[in-house]
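Let's look at a protein together, one question at a time.

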Amino acid sequence: MNTNENPADMHYLQLLSQSFPNIAEASTEIINLEAIMNLPKGTEHFLADIHGESEAFQHVLKNASGNIKRKVNELFGNDIRESEKKELCTLIYYPEQKLELIKARETDLEDWYRITIHQLVKVCRDVSSKYTRSKVRKSLPEDFSYIIEELLHESLGDSDKAAYVSVIVNTIISTGRADDFITAICNVIQRLAIDQLHILGDIYDRGPGAHKIMDTLRQYHSWDIQWGNHDILWMGASAGNDACICNVLRLCLRYANLATIEEYGINLVPLATFALDTYGDDPCEEFIPKVLDESQQMDEKTLLLTARMHKAIAVIQFKEEAAIFHRHPEWQMEDRCLLEHIDLTRGVCTIDGCDYEMKDCHFPTLSSDSCLLSPEEQSLMQKLHHSFRISEKLHKHIRTLLSHGCMYTITNSNLLFHASCPLNDDGSLKEVEICPGHRYSGKNLMHNIGMMIRAAFASGVDKDLQVFPRDYARDYFLYLWCGKDSPLFDKSKMATFERYFLKDKETYKEEKGNYFKLRDSAEVCDRILDAFEVSGDNRHIINGHVPVHASKGENPIKAGGRLMVIDGGFSEAYHNETGIAGYTLVYHSRGFQLVQHEPFTSAHDAIVRETDIKSTTQIVEMSAHRMRVADTDKGEELRTQVADLKKLLYAYRHGILKEKRS
């Protein structure tokens, strides 16, 4: 090896020597990295289509999809009663709230503290066993870092250290820090139980707590997201796409879910005023909201106001969409400008030469130019646009989605994307035009759509993104939401107008694209995996988007195990349809397990009644050997680092670089 022959290598080694200035430090790091590669693989959790169900989502994170309960059962078996195990699990999930209840009824609190702290240390020791001391140390809270580390690596079974450990625990109690310590170690257990969280899209819409989910994720230790169509809708609204703004508001009003809108400070008073003025005598029967949560039940007056706001924004939406579709004829979506095909005198809408009877013909703002907003609608949209554009919290959350997200991810031989990869009829990858003169398929399509999305938010100085004009990129959010060849939609049409206004239910049908028709084929899945350059003996595609009808016997594992669809219906809106309340796919050192969840009642029930989400685990694929870090993408990175450090050692030992004192 002669590093002098390659100036780039030499420059890199000089930079590396700043971190490892001598043979001793470089050697120590090699030893450390080689050891890490032989630890068990960290546990990855995959979730999809959370749709604002913040309480259920947070509980699944807290209980690690049932993994913490399983560990408590394994650790304590018959040594403690079932009721004590349930209490211990609930304490780990909700330490602060559960502590208050326990202190109110516990007669010998010091004894309870002592027993519980030892139990929690035992659980924490188990969940931390696959990590290095350094990684565990970084996850510890500053106040108790030293104490927890000491307790994790000492044992009452060691007679020489038993008194030492007991004194630590007794001192925690006597100094009045027991509650703080218990809360701290419970949070450490939660954190270490999940090494990496993957979200396959759709945090937003339907449920009331998307903003809470985003607040949780902003603080979460390690996660990524593959954007879903509902996330893209909110991103488009944040970027200033008025059609996306209308769609966001329409969906919130449809499900009587305004909590997220209110949290973002979006002012709906102008919309309510406009709706009363314009649709005040309209019963708006087709726009009565779907109230899913009993806590959101409305009185008749509020229900009717919400319905009128719902209709008002829907009509504006169809106008705003039509304006964009006409602006971009290359999208071939002008056939969706259906307001243009209404004959109010006959009460019909003409589609493809056929007349369809209307359910509702009250359109007080419709003019001869059906795309044109009335002056009042125009004024309203200016106010709503301004409200979305100045929402600091919304923009903070969208920036978080941008920094942690993309259209697809490849991790440990798994290809993750939210919905589909557009295909031709024969299963080959379809070439899609995303901007005039720019046609892509497969991996390039996903990558360039991601670049387009970022271009909508980019400043003028970012020349890498200027290949996509910012105005075009902003409009393109609408195509991603409802375009025929959008990887986030991939259907013949979005029949929103038909469902609201046409009587014939045949018009409601949305034909799924070829990906959904052909994804049961192992050959098709292999073709996609090859196109994305996914390697490995056990490679998979993991999707969400389309709920799996478990109650009807549909299997989420498809194409001979190559494809896993993990949308089990987290949202309450889907529970009757799917028969369950979501999936978590868990990938640990022994293989894949699919965890099927039953509906979650509430955090209050979980704390007071110690109810947990009932989860059923299905083994999907088990490894012949326990996977190590060396078997993962991280292992590949570490091997590269070791190789570089060995080059550095060579340079030191042969006098190419001079050692320095550390």
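Predicted model: local features only at pLDDT ≥ 70, side-chain atom pairs only at ≥ 80, totals over all residues.

Residues are numbered from 1 along each chain as its sequence is written, and side-chain values use heavy atoms, with hydrogens and water left out.

Me: Is Arg-336 buried or exposed?
Reply: Buried means under 20% relative accessible area, exposed over 50%, and partly exposed in between (1.4 Å probe, protein chains only). Arg-336 has a relative accessible area of 18%, so the answer is buried.

Me: Which side chain makes a polar contact with the side chain of Arg-336?
Reply: A polar contact is a pair of N or O atoms within 3.5 Å; within protein, one must be able to donate a hydrogen and the other to accept it, and residues adjacent in sequence count only if both atoms are side-chain atoms. For Arg-336 the distance is 2.9 Å, and the partner is Glu-498.

Me: How are the rings of Phe-417 and Phe-532 arranged?
Reply: Rings of Phe, Tyr and Trp (its six-membered ring) pair if their centres lie within 6.5 Å; planes under 30 degrees apart count as stacked, over 60 as edge-to-face and the rest as tilted. By this rule there are 22 aromatic pairs. The centres of Phe-417 and Phe-532 are 6.3 Å apart with planes at 25 degrees, so the pair is stacked.
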